[in-house]
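Subject: Structure for you, plus notes

Hi,

Here is the structure I promised to pass on. Have a look at it first, then read on for my notes.

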Amino acid sequence: MKSAHAPLKCGEPVFKGAWKAQAAQTQAIWKKAEELGVGRDLIELVYVRASQINGCAFCLDVHVREGLKAGLSTLKLSVTPAWREAGAVYDDVERAALTIAETATDPVAAHENTAEYDAAREVLGDDKTALLAWAAICINGWNRMHALSHTPVEGV
């Protein structure tokens, strides 16, 4: 019997169908973002916040670097865990996106933070809210797969 701490092999080589479906979902989110005029920087901000909450080092490494490429500042990326206290660092759309990221990542928050979610939805509108919710849901899946697989951080 394998150790309880051994990585779970749930990645692409073992379960290609699920891996491909998850990758297709990611591509669909990026395509819809482009159609709605949502920048990759906003998607990456959602990915980073969800990955922080989930403690996924691999995804944080990837999406902080992708966020920088997409134009997010190091300031925005470095204070994301304390975004509510960061004042004018984030605009209304970014704060709404961070709210969606947190609400979609924490099932308890989804039930308790309805007023905050509704305020974010007012800022974003229904289409962008749905897009960002799906982005958070998707990265949550990636976070869990990489955490269970103990995927090593690549940036070292």
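Below is what turned up, starting with the ground rules.

This is a predicted model, so local features need pLDDT of at least 70 and side-chain atom pairs count only at pLDDT 80 or more, while totals for chains, interfaces and linings use all residues. Numbering runs from 1 along each chain as its sequence is written, and side-chain values use heavy atoms, with hydrogens and water left out.

**The core.** A nonpolar core here is a set of buried Ala, Val, Leu, Ile, Met, Phe, Trp, Tyr and Cys residues joined through side-chain atoms within 4.5 Å. Buried is under 20% relative accessible area, exposed is over 50%, and partly exposed is in between (1.4 Å probe, protein chains only). The largest core has 34 residues, and Ile 29, Ile 43, Val 46 and Leu 132 touch the most other members. At least two residues each come from H1 (16–36), H2 (40–54), H3 (57–69), H5 (92–105) and H7 (114–149); helices are DSSP runs (H or I, at least four residues), numbered from the N terminus. H7 is the top contributor with 11 residues. Leaving aside residues up to four places away in sequence, Leu 132 touches Leu 42, Ile 43, Val 46, Ala 97, Ile 100 and Leu 124 (contact means heavy atoms within 4.5 Å).

**Along H7.** Asn 140 sits in this helix and is buried, at 6% relative accessible area. Its side chain makes polar contacts (N or O atoms within 3.5 Å, one able to donate a hydrogen and the other to accept it; residues adjacent in sequence count only if both atoms are side-chain atoms) with the side chains of Thr 105 at 3.1 Å and Arg 144 at 2.9 Å. Ala 147, also in H7, is partly exposed at 42%. The C-alpha atoms of Ala 147 and Gly 55 are 8.2 Å apart, although 92 residues separate them along the chain.

**Just after it.** His 150 lies in the segment after H7. Its phi is positive, about 55°, and it is not a glycine. With 48% relative accessibility, His 150 counts as partly exposed.

**Pocket lining.** H3 gives the most to the lining of the largest pocket, with 5 residues. On a 1 Å grid over the protein atoms alone, a pocket is an open set of points where a 1.4 Å probe fits, with protein on both sides within 12 Å along at least five of seven lines; lining residues have an atom within 4 Å of a point.

Cheers
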